[in-house]
Amino acid sequence: MSEAVRKLPVTIMRGGTSKGVYILESDLPADRNEWDPLLLRLMGSPDQKQIDGLGGSKSVTSKAAIIRKSERPDADVDYTFAQVSVDKPIVSYKGNCGNISSGVGPFAIEKGLVEAKEGETPVRIYNTNTDKIIIADVKTHNGEVQYGGDFRIAGVPGTSAPVRLKFVNPAGTIGRGLLPTGNASDILEVPGFGPVEVSIVDAANPLVFVRASALGLSGKELPEELDADQKKLDLLETVRGLAAVRLGLIEDYTRSAWETPGIPKMTFVAEAAGYTASDGRHYEAEDIDLLSRMMSMQKTHPSYAMTGAMCTAAAAVVPGSVVNQVLSPDTDTQFIRIGHPGGVLECGVDYRDNGEVPEIDDTFGFRTANLLMDGTAMIR
């Protein structure tokens, strides 16, 4: 009997500091119940090495973007993000990935969903995960995407053309506003540890922020150091799980890694201080505005999620939030510099000060993207 094989057209792109498989929704089964097993097989999950699939054995290289032409008047394309777990049979559609978002505009132009303009082409992206609009400004020339350029982002070797991402009205992706609990900060009672102050902020993606010092951390940790400390990983996941319970996403915090592995995203921050990045480069305190480390699928993010940067920028202007507490009062909120394991990420926020809770008009930052492969995957 011959083996059943599904031939799936796919494009592999680097988006920001992540890498993923970009797929036209029309090439996937009409029945969405068939998506998860197909994506798991495509990426080679669950397997720590993802040796029999296209995944790269890390959460930042096990992602998928599913795209179609939009019927919305305010968007050119609809984009669904899928986080495919490396070591679990789980595909999560909760939340978005800002890095992968930076490849959506170029992909849409490559596939003829958006007509390229001379110089720069704005692509209006509707993210189905968060019910939000993202505008990507993509460099184009002679009808083609321009990937080459002199713009550099931390965590990616070399230089490329910049992709400007603006997240329009980013607050409230889970439908409960910028501050889902109604508070700039909350106290979580962590079993076996004690009370911990956190800020749960929802812009582009919901994040739970905590001071590094509150968990016995410095904010200077590198991924290999933190990932080798299982007790600290467990503590971070416990805090994240308790925040997920506070948000009503789950009932049992010990089930967070299975029931809501992607959101809220765990982030710990500290005041600006000199530190050494993963590539050995040293940054002085004056080079950054704060130290921050994010977790991704229960491991340390090697750099920083773009949606995480957008939420960090929004949290920066919330009086009394954990992020606001570690920033200098004279921080330029149009140019916030986040010191992360891969280097420095710049982002900004446009907002209106309406008292205790600001109204976020948009958050923005710059990424790069690169087309790596366009072809056919064999799904057995």
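This is a predicted model: local features need pLDDT of at least 70, side-chain atom pairs count only at pLDDT 80 or more; totals for chains, interfaces and linings use all residues.
Student: What does the radius of gyration say about the chain?

Tutor: You hold it against what a compact globule would have. With 380 residues that would be near 21 Å, and the protein chain has 20 Å, so the two agree.

Student: What about contacts between residues at least 6 apart in sequence: what percentage join residues at least 24 apart?

Tutor: In this chain, 63% of them do. As for charges, there are 38 positive and 51 negative ones, and their mean positions are 4 Å apart.

Student: Let's go inside. Which residues have the most contacts within the largest nonpolar core?

Tutor: Ile 67, Val 77 and Phe 209, in a core of 58 residues. Helix 7, residues 306–316, gives the largest share of this core, with eight residues. There is also a second, separate core of 28 residues, which includes Leu 226, Leu 233, Val 239 and Tyr 275.

Student: How many residues of helix 7 are buried?

Tutor: Eleven of its eleven, so to speak a mostly covered helix. Among the buried ones are Met 306, Gly 308, Cys 311 and Ala 316.

Student: Which residues does Phe 209 touch, leaving out those up to four places away in sequence?

Tutor: Its partners include Cys 311, Thr 312 and Ala 315, which are buried residues of helix 7.

Student: Now the backbone. What should I expect of phi and of peptide bonds?

Tutor: Most residues other than glycine have a negative phi, and most peptide bonds are trans. The cases below go the other way.

Student: Which residues does the cis bond with omega of about 0° join?

Tutor: Ser 45 and Pro 46. Pro 46 sits in the loop between helix 1 (35–43) and strand 3 (63–69). Another cis bond runs from Ile 263 to Pro 264, with omega near -10°. You'll find Pro 264 in the loop that lies between helix 6 (256–259) and strand 13 (265–271).

Student: Gln 50 is in the loop between helix 1 and strand 3. Is it buried or exposed?

Tutor: Buried: the cut-off is under 20% relative accessible area, and Gln 50 has 1% relative accessibility. Its phi is positive, near 45°.

Student: What is phi for Asp 131?

Tutor: About 60°, positive again, although Asp 131 is not a glycine. This residue belongs to the loop between strand 6 (119–127) and strand 7 (132–141). At 49% relative accessibility, Asp 131 counts as partly exposed.

Student: Last one: where does Lys 220 lie?

Tutor: In the loop between strand 12 (205–211) and helix 4 (223–227). With a relative accessible area of 37%, Lys 220 is partly exposed. Beyond four places in sequence, Lys 220 touches Ala 273, Gly 274, Tyr 275, Leu 291 and Arg 293. Of these, Tyr 275 belongs to the second core.

Key
Residues are numbered from 1 along each chain as its sequence is written. Side-chain values use heavy atoms; hydrogens and water are left out. A nonpolar core is a set of buried Ala, Val, Leu, Ile, Met, Phe, Trp, Tyr and Cys residues joined through side-chain atoms within 4.5 Å. Buried means under 20% relative accessible area, exposed over 50%, partly exposed in between (1.4 Å probe, protein chains only). Helices (H or I, at least four residues) and strands (E, at least two) are DSSP runs, numbered from the N terminus. Contact means heavy atoms within 4.5 Å. The radius of gyration is taken over C-alpha atoms; the globule rule is 2.2 Å times the number of residues to the power 0.38. Lys and Arg count as positive and Asp and Glu as negative; His and the chain ends are not counted. The place of a charge is taken as NZ of Lys, CZ of Arg, CG of Asp or CD of Glu.
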